[in-house]
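Student: I'd like to go through the aromatic side chains in this one. Can you show me the structure and take my questions?

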Amino acid sequence: MSSVTTNKMTNWRWVMCAMLFFATTVNYMDRQVLSLTWKEFIAPEFHWTDSDYGTITGAFSVFYAIFCLFAGKFVDWMGTKKGYLIAIVVWSLGAVLHAGCGWATMTAFGLENLEQLRAVEAGSALASNVAMLSVYLFLACRMILGLGEAGNFPAAIKVTAEYFPKKDRAFATSIFNSGASVGALAAPATIPLLAKALGWEMAFIIIGLLGFVWAGIWIFVYDKPSESKFVNEAELRYMNQDDENEKAESVEVEEKQLSFAKAFAYKQTWSFAFGKFMTDGVWWFFLFWAPAYFQDQYGYEASSNMGIALIFTLYAIVTILSMFGGYLPKLFVEKKGMNPYQGRMLAMLIFAFFPVLALFAQPMGQYSAWWPAIIIGLVGAGHQAWSANIFSTTGDMFPKSAVATITGIGAMAGGCGSFLINKGSGMLFTYAEGQGSAFQFMGFEGKPAGYMIVFCICAVAYLIGWSVMKLLVPKYKPVVID
């Protein structure tokens, strides 16, 4: 039981929210190091094509998807504290290991230094072998990264369900979920400069070490609300306000586990999973491909002042606007009298229209690179607002003991969607570039036409996802585990 006994309500739940925010920030910085270094620094060394990069990002999505299926169950089994700790240690190790891929490739082919690696003749058998081996090495590191990162959102959503009442969960989720935007915002301002000054290997190492720092802090600050010395009775009552009998039944509820087979029997599970499948890939596409897009289409490398400014502006828009994503359903609940699920779905419908703006990114880009940066930023803001709310639907529908499991299933579905769009984009861009003017779509030729195709897919994904979710679960219907 909490040792804090003052009458004034403590606010330790917001400290937990801050920890989730920083973990998610580190998560996305680790994930984005590759996207900000591959085109300018790594591809010239390993002779990668867009298709090679698409293979790596697509495979990462598959690894992430598979691990997510079990990550939620793992967090429910291990408990929040140990589960989250193990997750961030594993993904930080995976991030650091990327730095060894260059050394391993040179050693395998008997190359003594970087100059010899870069001097390999493009198109030669050796260049193909170097590319193939380096891709496999990066895939191995991405697999370890994905194994750990799969635990982030199931654990974070479980913490949110433990520390916040339903009416506050979307707002708390939007705060910690904005760590994805902040991570994506901090990455272009730091990673290309680190890579340029110290080498791309050090960029992976320095960013990867941040996770170990977070893990050290987590050990001392987290406990279950009822056991935390930083949470008093007033705050505990506030956290548990959704159910007057929750404290009396908490032990029984926590002991009830939801099997995978039973989880898939609920329409609520399929609703959440389909929404993630349709929309996660959009965010990952822009996360992984935006730096390459600005270099391909406008000639701005990620380490150039203009390249940094474009990516920074994009994610600044995402960060600032997405913070309101969790507040809108709270407004609907408190001011309009809607139940949490009803208010959340209405908010998600509004946010589903933001990505439609992606249709204008390529056409407006003919006037200035700033237009697609701004438009993609607005699309990303819509996604993050959507994401905060779709995550919170699990807490609306499922008991706390099953939240991480359902979140993991949804993350798996999102990873599958991300594989399709990232691997497909890499293949499409390589093909379109090879075809040149023979490949046309909506007035664009070659690789720009390929980007336009993907932007069109991104534009309609959310409206399709929302429609199917609403069809599967038209009204609020909580799940009771027998």
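Student: How many aromatic pairs does the count come to?

Tutor: This is a predicted model, so to speak: local features need pLDDT of at least 70, side-chain atom pairs count only at pLDDT 80 or more, and totals for chains, interfaces and linings use all residues. Residues are numbered from 1 along each chain as its sequence is written, and side-chain values use heavy atoms, with hydrogens and water left out. Rings of Phe, Tyr and Trp (its six-membered ring) pair if their centres lie within 6.5 Å; planes under 30 degrees apart are stacked, over 60 edge-to-face, and the rest tilted. By that rule, the count is 46.

Student: Are the rings of Trp218 and Tyr222 stacked or edge-to-face?

Tutor: Their centres sit 4.8 Å apart. The planes meet at 15 degrees, so the pair is stacked.

Student: Are Trp218 and Tyr222 buried or exposed?

Tutor: Buried means under 20% relative accessible area, exposed over 50%, and partly exposed in between (1.4 Å probe, protein chains only). On that scale, both Trp218 and Tyr222 are buried.

Student: How many residues apart in sequence are the parts that Trp289 and Phe429 tie together?

Tutor: Trp289 and Phe429 pair edge-to-face, 5.1 Å centre to centre with 80 degrees between the planes. Helices here are DSSP runs (H or I, at least four residues), numbered from the N terminus. Trp289 lies in helix 13 (residues 267-298) and Phe429 in helix 19 (residues 400-435), so the parts they tie together are apart in sequence by 140 residues.

Conventions:
Helices (H or I, at least four residues) and strands (E, at least two) are DSSP runs, numbered from the N terminus.
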